[in-house]
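The sequence and structure follow.

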Amino acid sequence: MIDWLYALPDWLLLVLWAAVLAGFIVLLPLLTHRVPWLRPNPENSDFVLRLQATLFTITSFVIAFTLVEAVSNFRKIDALVSVEASSINRLDRLLFRYGHDSADRVRPQLLGYARSVIAEEWPEMPRGSSAKTHEAFIVVSRSILALEPSSGRQTTLYAEILRSHDLVAEARDSRLSAVTVSLSATFWQAILFAVLILVFVSSTIERSRFRSIILGCQMAVLGTFIGFVFSMDQPFKGRSAVNPQAIVQIIAVIEGRNG
């Protein structure tokens, strides 16, 4: 429902979250101060200010913990892409060392598969795998299984080729499975609850222009970090999403090996 937010630039996403929370803390008192039993006075404001500091610390801790989880997920998925790229490169290197025309014919197919991952599958991943990329991998698999080693050296290399082929398949499966990785809904529920309580309590403080500015800045800081967590939550979405650069670099390496 809110996937359209990932189409925004990262800086605009941060500004949006900061503006929303700052706007809430500035506008909500216009409502709460109209409620008789929430109407602020110096005595109540002194109590709320002490409580608000504790709530802000707890909320900041929850957001910081969630940010650590989001960054950890992002790095793990980025590592998966690097592993997949390395597996493709190793398979091509083994085929190159195999030293037979049948293996040489597999290498362009493997290169075509790697290019298909970038051009066909990567844009489709949020919605599923690519049939074209799957078919390209099947072609590579069939060609590898059709190899017939004729010497001890080729037999040894063929065993390594089969292992590398399996690693490429497993790496692709891991990448496709990682598309759904995101923070648990419980994290977002905890953040939402903590922020709502903090904003509500802060809205009952007796206001002056100075306090409104300071509280607005405080909420803007929280909003900025929430926006950062949001931008990292879906590793394959947004302007700062995990990219296929590692596979692109490996394609260049394979093309250089061909030359």
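Trp17, Trp188 and Phe230 make up one aromatic cluster in this predicted model. By the ring-centre criterion, the count of aromatic pairs is 5.

**Helix 1**

Helix 1 comprises 18 residues (residues 10-27), and at 1.5 Å a residue it should span 26 Å; its end C-alpha atoms are 26 Å apart, in agreement with that expectation. Its buried residues are Leu13, Ala18, Leu21, Ala22 and Ile25. Viewed down the axis of helix 1, these buried residues fall within an arc of 155 degrees, so they line one face of the helix. The buried residues of helix 1 pack against helix 2 (29-32), helix 7 (185-202) and helix 8 (209-233).

**Salt bridges**

The structure holds 9 salt bridges.

| Salt bridge | N to O distance |
|---|---|
| Arg50 and Asp46 | 2.5 Å |
| Glu84 and Arg175 | 2.5 Å |
| Glu160 and Arg163 | 2.3 Å |

Arg50 and Asp46 are both located in helix 3, 4 residues apart, about one turn of the helix. In an α-helix there are 3.6 residues a turn, so residues three or four places apart point the same way. Arg50 is exposed because its relative accessible area, 52%, is over 50%; Asp46, at 40%, is partly exposed.

Glu160 and Arg163 are likewise separated by about one helical turn, being 3 residues apart in helix 6. Both are partly exposed, with relative accessible areas of 22% for Glu160 and 45% for Arg163. Elsewhere, salt bridges with shared partners connect Glu84, Glu121, Arg172 and Arg175 into one network.

Within the Glu84 and Arg175 salt bridge, the partners come from distant parts of the chain: Glu84 is in helix 3 and Arg175 in helix 6 (residues 152-177), 91 residues apart. Both Glu84 and Arg175 are buried.

**Asn73**

Asn73 lies in helix 3 (residues 42-98). With a relative accessible area of 18%, Asn73 is buried, because this value is under 20%. Apart from neighbours within four places in sequence, Asn73 is in contact with Val181, Ser182 and Leu183.

Key:
Residues are numbered from 1 along each chain as its sequence is written. This is a predicted model: local features need pLDDT of at least 70, side-chain atom pairs count only at pLDDT 80 or more; totals for chains, interfaces and linings use all residues. Side-chain values use heavy atoms; hydrogens and water are left out. Helices (H or I, at least four residues) and strands (E, at least two) are DSSP runs, numbered from the N terminus. The expected span of a helix is 1.5 Å times one less than its number of residues. Buried means under 20% relative accessible area, exposed over 50%, partly exposed in between (1.4 Å probe, protein chains only). The arc is that of the directions from the helix axis to the C-beta atoms. Contact means heavy atoms within 4.5 Å. Rings of Phe, Tyr and Trp (its six-membered ring) pair if their centres lie within 6.5 Å; planes under 30 degrees apart count as stacked, over 60 as edge-to-face and the rest as tilted. A salt bridge is a side-chain nitrogen of Lys or Arg within 4 Å of a carboxyl oxygen of Asp or Glu.
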